[in-house]
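This report is meant for a reader meeting the structure for the first time. Please look over the sequence and the model before reading on.

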Amino acid sequence: MEFAVLICTAIVLSVAVASILIVKIFLPKQIIKELENYENSLAGRQFEEIKNTYHEMRGWRHDYKNHMQVLKIYLENRQWDECISYISQINENLNSVDNVVKTGNVMADAIVNSKVSLAKSRNISLDVTAKVPEELPVSDVEFCIIFGNLMDNAIEACSGIFSEEQRFIRIYIGIFRKQFYISVTNSTNQKKRLKNYYSIKGEGHGFGLYRIDKIINERHGYLNRKDEPGVFSTEIMLPFVL
């Protein structure tokens, strides 16, 4: 399961970059440089996300081998009580060992877990609830663009907060009022943004928000951003195609 998530992550993110390159051909020359900077930043984030996921997978595999070795020694020495106690300890720690978010949709698993892994590497507290249907009202690439940019913005905002205890991201993905619902809320110390929320710090940030808005409009969805002291949130609702 974890290996499939890693492979899907690489495929989806690669497709997203390819789509940017194709769109670039049709853009005016004056924004080519800005798009190139955005592409370089995106490629760097993709590498870091995949690397974090790979390291987590290797850690799980290493821990598993160690646990089996300890249990083998206990069994060989007929230390039944110690064996039972060790198994109980492993069971208690499963929640902290298994960090993979299982949404119910394989492609969504890849995208969500890559961003969750990146946020955890920045010491950001996460609260994730994600139940994704097999069929989405958007393409896999569009979901990657929407959720990826929401998380990139949230991670950037949290990374600017000095106190790690104040860094948090809350994610909710599911069905609400028979529509596909995405909500991302994060802590921030950034000043209030200008109209349309495009004028904020960060290369390619405005371009990412523009792409989100474009997809929502094309899919006749609903988008709501709230900018309150210390907290920024985005809500998106997308109708299913009948």
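## Confidence in the model

The protein chain averages a pLDDT of 77, with 64% of the residues scoring at least 70. Confidence is highest in strand β3 (residues 179-187), at a mean of 97, and lowest in helix α4 (residues 94-97), at 52; helices (H or I, at least four residues) and strands (E, at least two) are DSSP runs, numbered from the N terminus.

This is a predicted model, in which local features need pLDDT of at least 70 and side-chain atom pairs count only at pLDDT 80 or more, while totals for chains, interfaces and linings use all residues. Residues are numbered from 1 along each chain as its sequence is written, and side-chain values use heavy atoms, with hydrogens and water left out.

## Helix α5

Helix α5 (residues 106-121) is largely enclosed by the rest of the structure, because 13 of its 16 residues are buried, that is, under 20% relative accessible area with a 1.4 Å probe, protein chains only. After α5 comes N123, whose phi is positive, near 60 degrees.

## Around I173

Leaving aside neighbours within four places in sequence, I173 is in contact with residues including V112, F143, F147 and I182.

Conventions
Buried means under 20% relative accessible area, exposed over 50%, partly exposed in between (1.4 Å probe, protein chains only). pLDDT is the predictor's confidence in each residue, from 0 to 100. Contact means heavy atoms within 4.5 Å.
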